[in-house]
Amino acid sequence: MTISLSRRKLRLSKMALLCAVALPAIMALTPVAAKTLVYCSEGSPENFYPGINTTGTSFDANSQIYSRIVDFERGGTSVVPGLAEKWTVSKDGLEYTFSLRKGVKWHSNKNFKPSRDFNADDFMFAIERQWNENDPYFKVTSSNHSYFNDMGMPKLLKSVDKIDEYTVKITLNKPEAPFLSNLAMEYAGIQSKEYAIAMLKAGTPEKLDQEPIGTGPFMLIQYQKDALIRYKAFPEYWAGKAKIDDLIFSITPDASVRWAKLQKGECHAMPYPNPADLDAIRKDAKVQVLEQPGLNVGYLAYNTTKKPFDDVRVRKAINMAIDKKAIVSAVYLSTGVPAINPIPPTQWSYNKSVKDDAFDPAAAKKALAAAGYPNGFTTDLWAMPVQRPYNPNAKRIAELMQADLAKIGVKAEIKSFEWGEYRKRMQNGEHQMGMMGWTGDNGDPDNFLNTLLGCDSAKTNGSNVAKFCYQPFEDVVQKAKVTSNPAERTKLYEKAQVIFKEQAPWFTIAHAVQLMPVRKEVIDFKLSPFGRHTFYGVDMK
C-alpha cells in the first residue's frame with residue numbers, strides 16, 4: 001500500500017513537471033483571445049473624408065481613423081494636444097504657431113505603404129484641400145466643404161506657412177475666439193499628402209476618401225455599405241495601442257433591432273434608443289444606460305427666402321399654432337425638454353430670460369390674417385427619414401404638426417427623402433419648411449449661432465437651412481467671434497438669442513438627453529458632449 005501510494009505520488013509529480021514545462025510553450029504558440037467590441041451604429045457613413053461631412057453618422061465612422069492637430073479631452077470640451085504637441089498664439093490673436101509631433105506613423109493598405117512619418121506637408125494638405133480651389137483634391141468626392149465654409153474659414157485664413165518639417169504657422173485676417181476649438185473638430189482630420197499624390201498618379205484619387213489612411217487609433221479593414229465597418233487597432237498609434245483589438249460597426253438603422261441585438265450580446269453598445277424601449281432597457285441587468293444632457297437642438301426651419309416664410313408675421317403665427325409641449329411629451333417621452341433658444345441650456349451664454357412663443361391657435365389665426373392669409377395657405381413640411389440624436393421620430397412629429405396647422409387653415413404636405421438626399425436638398429433650399437437639428441461640435445456658442453444662422457452658411461450647400469441672413473443678428477454674432485473676453489462674448493450671444501426669437505427663423509422643438517445603452521462588459525466608455533462615439537480608451541472585460 002505504501003509502495004503503490006509512493007508510485008502514484010511520483011507519477012503525479014512527473015505529470016506536474018511535464019505540465020509546468022509544456023504550458024508556457026503552448027501559451028507561447030496560442031495567442032491571447034483578441035478583444036472585439038461591436039457597436040450597433042445607426043447608419044452608413046457618406047464617405048471616409050470628414051472634410052465634407054456634417055452628420056454624426058459619418059463623423060463616428062471617420063473619427064476612429066484620423067487624428068487632428070488638436071483634440072478635445074476624452075468626454076469633455078477642453079482643447080488638448082493632438083498631432084501638435086504644443087502651440088503659441090501671438091498677443092494680437094492673429095498668429096498660431098504649431099509644433100508638430102515627430103515619429104507619428106501612418107496606416108497602410110493594399111494600395112499604399114507610407115515612406116515617411118506625418119509632417120507639416122500633411123497639415124498643409126488638410127487645409128489646402130478645403131481652401132484652395134486649384135488644389136487637385138478640392139473637388140474629389142465633393143467640393144462642398146460644409147464646415148470649413150460655414151465657419152467662414154475661407155475669409156478668416158490669411159496664410160498657412162510651413163516654417164520647417166515640424167512647424168506650421170497660421171495667420172488670420174482677424175482674431176477668432178473659438179479658433180483652436182474649431183481645429184479640434186472632425187472636419188479637420190489629417191490625411192496623408194503622400195497617399196494623395198500616389199492615388200492621383202495612379203488615376204484613382206477617390207481612393208483617398210474611400211479606402212482611407214490616417215494616423216488614428218484604428219485602421220479601416222473592411223466596409224460593406226448598410227452592413228458593417230470593420231476596424232483593427234493600429235499597433236503604432238502615437239498615443240499607444242487601443243485596449244480593444246477589433247472594432248466592428250454593425251450598421252442597424254432600426255432602434256428596436258439595435259436593442260434586440262444588445263440584449264442578445266450581438267452588440268456591446270448602441271446609440272439613440274427608442275424612448276418607448278427605455279423602461280425595458282433600464283431593467284436589463286446586463287445593460288447600463290449612460291446619460292447626460294445633450295448639447296443639441298432639434299428644430300423646424302422656415303425657408304426665409306420663400307413665400308410666405310419671408311414674412312416674420314407668418315413665421316411667428318406658425319410658432320404659435322404648434323403645440324410644442326404635446327410633441328415633446330408624445331415623441332421624446334422622458335428624453336427631451338422643450339427648446340426655447342437655438343442653443344441648449346447646457347451651453348454657456350444661454351439666455352434664460354428669453355420667453356417662448358405661446359401656444360395660441362386663435363392668436364396664430366389672427367396673425368395669419370394680418371399677414372394677408374385669412375384662409376391659410378398650402379406648404380410642404382419636410383421630415384427626416386432617420387432617427388437622429390436630437391429627434392427620435394421626425395415623421396411622427398410632422399404628423400402632429402400637420403394636425404395643429406390644419407386647425408388654422410394651413411395645409412402641410414409631409415415630404416421626405418433618403419437621408420443624404422434630404423440633407424443636400426435642404427442645404428440647397430428646396431423646402432418651405434423642414435426639420436433638422438444639430439449637436440454642438442466644439443463647446444462654443446459660435447458653433448450654433450454662426451454655423452447654423454450666419455450669412456456665410458446661408459449660401460447654397462450651407463448648414464443654415466433657414467437661409468436666414470439678418471444683418472442685426474449677423475453683426476452681433478460676428479462681433480462675438482473676434483471678442484476674447486468671455487463675459488463680453490456672453491452678453492453678445494445673449495443679445496443674439498433675443499434677435500433670433502424676434503425673427504423666428506425656426507420653430508425650436510427640443511433638446512434631447514444623450515443616452516447610450518452599453519453592456520456591462522464594456523469598460524470606461526465616455527459620453528462625448530458632442531454626441532460622438534469613439535472607442536479609443538474603451539476596454540472589455
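## Cores and helices in a predicted model

The largest nonpolar core has 112 residues, and Ile 69, Phe 98, Ile 170, Ile 318, Met 401 and Met 435 have the most contacts inside it. A nonpolar core is a set of buried Ala, Val, Leu, Ile, Met, Phe, Trp, Tyr and Cys residues joined through side-chain atoms within 4.5 Å. Buried means under 20% relative accessible area, with a 1.4 Å probe and protein chains only. This is a predicted model, where local features need pLDDT of at least 70, side-chain atom pairs count only at pLDDT 80 or more, and totals for chains, interfaces and linings use all residues. Residues are numbered from 1 along each chain as its sequence is written, and side-chain values use heavy atoms, leaving out hydrogens and water.

A second, separate core of 26 residues includes Ala 61, Ile 65, Phe 249 and Met 516. Ala 61 belongs to helix α2, where eight of eight residues are buried.

Now look at a helix pair. The axes of α11 (residues 312-321) and α13 (residues 361-370) come within 8 Å and cross at roughly 165°. Axes are lines fitted to C-alpha atoms, for helices over the stretch in contact (heavy atoms within 4.5 Å), and angles run from 0 to 180 degrees between N-to-C directions. The two helices are therefore roughly antiparallel (over 145 degrees).

Definitions and conventions. Helix = DSSP H or I, 4+ residues; strand = E, 2+ residues; numbered from the N terminus. Parallel < 35°, antiparallel > 145°, perpendicular 65-115°, else oblique. Buried < 20%, exposed > 50% of the residue type's maximum accessible area, 1.4 Å probe, protein only.
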